[in-house]
Amino acid sequence: MPSQQVYTIILSSVSLDNIPEHAAFTINFLILKHHLNGLLHSLPESIIAAACARSGQRVLHVDSRNYYGGNWASFSFSGLLSWIKENQQKTDIDECEDWRKLILENEEVISLSKKDKTIQYVEDFCFGDQDSAEDVEEAGALPKLPVFGASGAEGAAQASEKECPPAEGAFLGAEEAGGAESASATEGNDTELTSENDSSQNTALDESSLELGKTEAAPSEISAQEPKKVTYCQIVREGRRFNIDLVSKLLYSRGPLIDLLIKSNVSRYAEFKNATRILAFRDGKVEQVPCSRADVFNSRQLTMVEKRMLMKFLTFCLDYEQHPDEYQDYEKSTFAQFLSTRKLTSSLQHFILHSIAMVSETDCSTLKGLQATKKFLQCLGRYGNTPFLFPLYGQGEIPQCFCRLCAVFGGIYCLRHPVQCLVVDKESGRCKAVVDHFGQRISANYFIVEDSYLSESVCTNVCYRQISRAVLITDQSVLNTDSEQQVSILMMPPVDVGKPAVCVIELCSSTMTCMKDTYLVHLTCPSTKTAREDLEPVVQKLFNLNTEKETENEELEKPRVLWAVYFNMRDSSGIDRNSYVGLPSNVYVCSGPDPALGNDCAVKQAETIFQEMFPTEEFCPPPPNPEDIIYDEDEIAPEETGFSNSPETKPESSSEESSSGGTTAVKKEDNEK
């Protein structure tokens, strides 16, 4: 039916509030019997939606926000300012009760929350002159459009920023020249990616990383003695150069998310950059930690005796399960106490605890510390000298990549589309439909709901934790070297007793998350107080928070903070389903971001929920090869029309043929193999 296909395409690209009234009713008919209805587009829901669509289920994904990702989203600078204003004001939304007349006598409703209460204590600071930036406009900004459910100024800024920069990043394939560290990694050949002989991959990665440096943002050959002066006006004007994540994470090069990206071929929608160095803070100074065997033996920080000690201990950690006699007496001790018994110097203990295992000094058990150390070591060398990858254009690209896979296999997406309630059948106790802000009923067999949508009555017994977050824009790196283009991770030890360690991730301009001559710094830790109270002491140790006129001589060596924002984010991970009151059996709850460095929790949760719904289906199977697709006689082959539902036809598109030379090199390499 041609009309159905036309409306499906329209619906996946625009929101219902921009469609004429008669068209909305037609669309309502089309989506009346969806197998899956997802609310909000954060990472777990996006993965579930992609898996369901790939297995042949019909998926409708709606979100009251006007951007993808929820609390996993990335914003341009102007978009983040709008997000800050929205969360500081928390304006009430007028509720229309007309939808209640759609509820039948044998039905009851579970009202959904109208406010997002997952973000609190938002504080932003500018350490430059803001007056001169009042009339400055963001370069390349689109005309502003009204947004449903938000004031014109806030919604327009969000809409214009999210409809452009992220789209650019989400559509880029891993085979493009900039996708160096994902390497030719994730482009096409799954067998090559998962092979144990990673040396050839590393070579390819190193070569393409050089290409990235040349094409995207060439690193300076000699580090500048003084950072270039960057004003607030420049930040506003170049706001679209920023892709600022609400949640700060890295990808372990061996782990559930990387395996899923490779298996499902979603990796071709994104590009990745290898984290180039791991730092440590000791004796008031920031220094680089040697990771690989070569780094250890080339390091000037360690004596020859310390190098032997370190290599011996790391070798033990790789197969510690085979030597239980060496640690079983310390299973009830902390990892820090265990390290003190291993004849390691204080500097080695510090490096292992905070920069390799990256665990708490007071709360981590010996077994968990050994597991974390082994995981770190197993991830080394796959895509570079560190275990971590970072997606170009920000962490917000990952949910969008899975949304794209879902859309390729028929999923429908609606942004700016609030849902009023869940409709529950009294007899069966199962949810049968939702009612949206138009007063339309949308039926489905399964419902995936992000925790933030649930009302207080449903979450009465839930005890939430909080995450403290800070995002800084700085004028130089915390550790200057010959290359300005460094992606660094630093685990700051607790400032005071009872305080948590703080994870610091510093991103350079070649990650496509900030403008040239600036760095984007993310700080994350479990909350004990407000984000500013938790994180500002760490910021003061690493950075200069004074304005340029107030800067003292001893602060000149520190990077200067140009702009900063602090906020607390709800941590709903690890909550048992039974904690939610009166939740129907076919309604599944996904949690928001957790404070861990990786994304394991989100991937495992998505797979668990999918297997509960469809126990006989494979989770995100590989897409079919073009030659395996059998077309009906009356169906026009995709090669003749230029359109195809097969994801494997993407490398043949004209846009990719005209991409950089790195793409061609990767294709040739695959063909030769």
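Tutor: In this predicted model, start where helix α13 meets helix α16 (residues 366-379): their axes come within 8 Å and cross at roughly 100°. An angle from 65 to 115 degrees counts as roughly perpendicular, and α13 is therefore roughly perpendicular to α16. On the α13 side, the contact is made by Leu314, Phe316, Cys317 and Leu318. Leu370, Thr373, Lys374, Leu377 and Gln378 make it from α16. Sorted by class, 6 of the residues in this contact are nonpolar, 2 are polar and 1 is charged.

The largest nonpolar core has 76 residues, and Phe313, Phe335 and Phe388 touch the most other members. Helix α13, which spans residues 304-318, gives the most to this core, with 6 residues. As background, nonpolar side chains tend to be buried together in soluble globular proteins.

Another core, of 43 residues, lies apart from the largest one; among its members are Ala50, Ala270, Tyr446 and Phe610.

The open sheet here has 3 strands in the order β7-β11-β8, with antiparallel pairing. Its edges are β7 (251-252) and β8 (272-274); each has a single partner strand, so one side of each is left without a neighbour in the sheet.

With strand β9 (residues 277-282), β17 runs parallel and is joined by 3 bridges; leucine 279 has leucine 490 of β17 as its bridge partner. With strand β18 (residues 502-507), β17 runs antiparallel and is joined by 5 bridges. There, serine 488 stands opposite glutamate 506 of β18.

These strands belong to an open sheet of 8 strands with mixed pairing, in the order β5-β20-β16-β19-β18-β17-β9-β10. Strands β5 (119-126) and β10 (285-288) are at its edges with a single partner strand each, so one side of each has no neighbour in the sheet. From one strand to the next, the twist averages 20°. At the β5 end, 6 bridges join β5 to strand β20 (residues 561-571), and the two run antiparallel; isoleucine 119 stands opposite methionine 569 in β20. Helix α15 (residues 346-356) packs on this sheet, touching β9, β10 and β17, and its direction makes about 125° with that of β9.

Strand β16 (465-474) brings in a loop, the one between β15 (441-450) and β16, where valine 458 is found. Is valine 458 buried or exposed? Its relative accessible area is 4%, and because buried means under 20%, valine 458 counts as buried. Not counting residues up to four places away in sequence, valine 458 touches Ile110, Ser579, Tyr580, Val581 and Leu583. Valine 458 and glycine 582 are 124 residues apart along the chain, yet their C-alpha atoms are separated by 6.7 Å.

Helix α11 (residues 256-264) and helix α19 (residues 600-613) pack at about 55°, with axes 8 Å apart. That angle makes α11 oblique to α19. Pro256, Leu257 and Leu260 of α11 meet Asp600, Val603 and Lys604 of α19. By class, this contact has 4 nonpolar, no polar and 2 charged residues.

For the chain as a whole, there are 22 helices and 21 strands. Of the 673 residues, 55% are buried. Among contacts with a separation of 6 or more, 75% are between residues 24 or more positions apart.

Key: Residues numbered from 1 in each chain as written. Predicted model: local features only at pLDDT ≥ 70, side-chain atom pairs only at ≥ 80, totals over all residues. Heavy atoms only, no water. Core = buried A, V, L, I, M, F, W, Y, C linked by side-chain atoms within 4.5 Å. Buried < 20%, exposed > 50% of the residue type's maximum accessible area, 1.4 Å probe, protein only. Helix = DSSP H or I, 4+ residues; strand = E, 2+ residues; numbered from the N terminus. Axes fitted to C-alpha atoms, helices over the stretch in contact; angles between N-to-C directions. Parallel < 35°, antiparallel > 145°, perpendicular 65-115°, else oblique. Contact = heavy atoms within 4.5 Å. Nonpolar A, V, L, I, M, F, W, Y, C, P; charged D, E, K, R; others polar. Pairing = 2+ DSSP bridges.
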